[in-house]
Amino acid sequence: MTMQLADSVSLSSSDARARARAVAARENIRTEPKMVRIFIIGIAVLFLTLFVVLPLVVVFAQAFSRGISAYLVALSEPEALAAIRLTLLVAAISVGLNFLFGLIAAWAIAKFEFSGKTVSPVISGLVFVLLFGAQGYFGAFLREHNIQILFAVPGIALATTFVTFPFVARALIPLMQEQGTQGGCPARC
């Protein structure tokens, strides 16, 4: 009984020390003087205002400068409708491909060590041009069979997928790394 009491006292005192350290760490987060913090926050707000809010205000002001009816008429033009259809089609294709390839990429990056894990999506775009362009590796074959990949829906969908799937993979990699590289159930099962 006295051993249990001693264990609970040492546990509670170490618990109290851990809480005190957490409170001290929370208080030490703001080490800069108040004026420095205000200045940095002011610069951040100014930057966001100049480069995000102001352009959005200008876009909406220009779009609605002739009234909402002119805006709606512009949206009903064939070119605008074609652009909207293309956007929705590419988004649907990219989401499907991102689900598949983002999941596979996250799994491979989290579970295996291999060279090339940090290849930029920009490099992938260059590879597409070198493979599917008019002067590319498959260019002559594609031209003979009247197949267009670059500057067409397949190229737009591939480019969008390769630019956006790292975001999917980055969201999944920490979860998969937490599970470990071994198969089976984690220790907390």
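The second largest pocket has a volume of about 180 Å³. A pocket here is worked out on a 1 Å grid over the protein atoms alone: an open set of points where a 1.4 Å probe fits, with protein on both sides within 12 Å along at least five of seven lines, and lining residues have an atom within 4 Å of a point. Grid points are joined across faces, edges and corners, and the volume is the space filled by probe spheres set on the points.

On sources: this is a predicted model, local features need pLDDT of at least 70, side-chain atom pairs count only at pLDDT 80 or more, and totals for chains, interfaces and linings use all residues. Residues are numbered from 1 along each chain as its sequence is written, and side-chain values use heavy atoms, with hydrogens and water left out.

Back to that second pocket. Its lining includes Phe 132, Leu 142, Arg 143, Asn 146 and Phe 151. Helix α6, residues 139-144, supplies the largest share of the lining, three residues. Helices are DSSP runs of H or I with at least four residues, strands are runs of E with at least two, and both are numbered from the N terminus. By class the lining has seven nonpolar, four polar and one charged residues. Ala, Val, Leu, Ile, Met, Phe, Trp, Tyr, Cys and Pro count as nonpolar, Asp, Glu, Lys and Arg as charged, and the others, Gly among them, as polar.

Most residues other than glycine have a negative phi. Asn 146 has a positive phi of about 55 degrees, and Phe 151 has one near 60 degrees. Asn 146 sits in the loop between α6 and α7, and Phe 151 is in the loop between α6 and α7 as well. Are they buried or exposed? Asn 146 is exposed because its relative accessible area is 72%, and Phe 151 is exposed at 79%. The cut-offs are under 20% relative accessible area for buried, over 50% for exposed, and partly exposed in between, with a 1.4 Å probe and protein chains only.

Now the largest pocket, with about 390 Å³ of space. It is lined by 17 residues, and Ile 109, Lys 117, Val 119, Phe 165 and Pro 166 lie nearest its centre. The elements giving two or more residues to this lining are α4, α5 (121-132) and α7. The largest share, six residues, is from α7. The lining divides into 12 nonpolar, three polar and two charged residues.

Next, the core. Which residues form the largest nonpolar core? There are seven: Ala 105, Ala 106, Ala 110, Phe 165, Ala 169, Ile 173 and Met 176. Such a core is a set of buried Ala, Val, Leu, Ile, Met, Phe, Trp, Tyr and Cys residues joined through side-chain atoms within 4.5 Å. Two or more residues come from each of α4 (78-111) and α7 (153-179), and α7 gives the most, with four.

α4 and α7 pack at an angle of about 35 degrees, with their axes 5 Å apart. Axes are lines fitted to C-alpha atoms, for helices over the stretch in contact, and angles run from 0 to 180 degrees between N-to-C directions. Their contact comprises 21 nonpolar, eight polar and one charged residues.

Finally, the whole chain: it has seven helices and zero strands, and buried residues make up 13% of its 189 residues.
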